[in-house]
Amino acid sequence: MGVRCRVFGNRIAGMEERESLALLLDRVPYRDRDLILTLLTRDAGVVQAIARGARGSTRRYAGALDLFVVLAARWRQGASSLATLAGADVVRQFPGVFESLERLEAGQAMLVLARDLAREAPAGETMYVHLVAAFDALDAVPPSQAFGGVLSLAVRMLEELGHVVVGDACPRCQGPLGGPGTVLASDGTVVCRQCSRFVTGVLADLLVLPPELRPAPSRDQAVALVGALLSGALGRPYRLRLGESGESSGTA
Ligand SMILES: [Zn+2]
């Protein structure tokens with residue numbers, strides 16, 4: 001696939017300007033007027049960048065540094081790991097996310113999940129693509145089903161990292177999966193009812209039923225299942241922490 005970052009000709013003291021589509025995973029206030037951004041870029045993985053003067057100036061970035069926005073980001077990567085944001089423009093917004101508390105909370109959970117998984121493995125283009133697709137679905141989902149998107153995103157991202165969670169057959173006995181009572185084993189894989197009596201796990205019906213038959217998980221069910229999936233895949237206890245997705249969800 002190759003590196004698709006454009007490198008511009010004018011290099012200033014070894015600083016190359018790069019650009020990519022990106023989503024903001026996190027932003028933290030810094031000094032009086034700056035923000036430290038965590039960007040999930042399409043072409044360059046996760047980029048930490050300082051946006052100078054981004055606070056208190058609504059004009060400079062014009063909403064491009066809000067959460068739930070696809071932005072065209074330009075940055076200069078110097079010797080330090082912290083890049084300097086050179087520009088950001090709004091490419092796409094997901095206004096429906098802000099129309100219900102459930103969608104907003106599910107969206108914030110998606111950001112936390114992406115941030116946590118990006119720490120485990122280098123983020124590639126597919127991680128960006130999965131998150132954009134998740135926001136796209138979230139933008140119009142019935143609010144009561146918003147947390148189903150968090151669960152789906154966790155499964156897709158884990159598969160991207162090489163942890164296939166839900167196949168067609170039980171990985172232990174090769175029996176078909178799909179019936180009620182299916183169990184999520186402690187290693188993060190989904191196993192069938194025949195095996196389940198030997199396994200300590202949680203019910204995984206929300207993962208294996210066909211999408212049209214799947215009941216929408218409640219917030220608590222989704223958080224519990226995501227926690228169990230990631231704990232198994234990562235090999236250590238994991239809990240999806242809600243309410244920790246950056247300094248705010250509104251405007252910068
Ligand atoms: Zn089995």
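**Close-up views of a predicted model**

**View 1. Helices α2 and α4 side by side.** In this predicted model, the axes of α2 and helix α4 (residues 146-160) come within 8 Å and cross at roughly 15°. The two helices, α2 and α4, are therefore roughly parallel to each other, since an angle under 35 degrees counts as such. The crossing of α2 past α4 is right-handed. From α2, the residues making the contact are Glu-102, Arg-103, Ala-106, Ala-109, Met-110, Leu-113 and Leu-117. On the α4 side, look for Ala-146, Phe-147, Gly-149, Val-150, Leu-153, Ala-154 and Met-157. Sorted by class, the contact of α2 with α4 holds eleven nonpolar residues, one polar residue and two charged residues.

**View 2. Helices α2 and α3 packed together.** Here α2 (residues 101-120) meets helix α3 (residues 125-138), at an angle of about 175° and with the axes 10 Å apart. Angles over 145 degrees count as roughly antiparallel, and α2 and α3 are therefore roughly antiparallel to each other.

View 3. Most residues other than glycine have a negative phi. Phe-68 has a positive value, with phi near 60°. You can find Phe-68 in the loop between α1 (58-61) and β4 (69-77). Is Phe-68 buried or exposed? It counts as buried, because Phe-68 has 23 C-beta neighbours inside 10 Å, and 20 or more are needed for that label.

**View 4. Gln-174, an exposed residue with positive phi.** Another loop, the one between α4 and β6 (183-185), holds Gln-174. The phi of Gln-174 is near 65°, a positive value in a residue that is not glycine. With 10 C-beta neighbours inside 10 Å, Gln-174 counts as exposed, the label for residues with 12 or fewer.

View 5. Met-15 sits in the segment before β1 (16-30). Which residues does Met-15 touch, not counting those up to four places away in sequence? They are Arg-76, Gln-77 and Gly-78. Trp-75 is 60 residues from Met-15 along the chain, and the C-alpha atoms of Met-15 and Trp-75 are separated by 9.4 Å. Met-15 is partly exposed, because 16 other C-beta atoms lie within 10 Å.

**View 6. The protein as a whole, and a stretch to read with care.** Stepping back, you can count seven helices and eight strands in the protein. Of its 252 residues, 38% count as buried. Among contacts between residues at least 6 apart in sequence, 54% join residues at least 24 apart. How confident is the prediction, and what is the mean pLDDT of the protein? The mean is 86, and 88% of the residues reach 70 or more. Over residues 245-252, however, pLDDT stays under 50. For residues 245-252 the model has 21 contacts beyond four places in sequence. Where pLDDT is low, the predicted coordinates should not be read in detail.

Definitions and conventions
Residues numbered from 1 in each chain as written. Predicted model: local features only at pLDDT ≥ 70, side-chain atom pairs only at ≥ 80, totals over all residues. Axes fitted to C-alpha atoms, helices over the stretch in contact; angles between N-to-C directions. Helix = DSSP H or I, 4+ residues; strand = E, 2+ residues; numbered from the N terminus. Parallel < 35°, antiparallel > 145°, perpendicular 65-115°, else oblique. pLDDT = per-residue confidence, 0-100. Contact = placed C-beta atoms within 7 Å. Left-handed = near helix turned anticlockwise from the far one by under 90°. Nonpolar A, V, L, I, M, F, W, Y, C, P; charged D, E, K, R; others polar.
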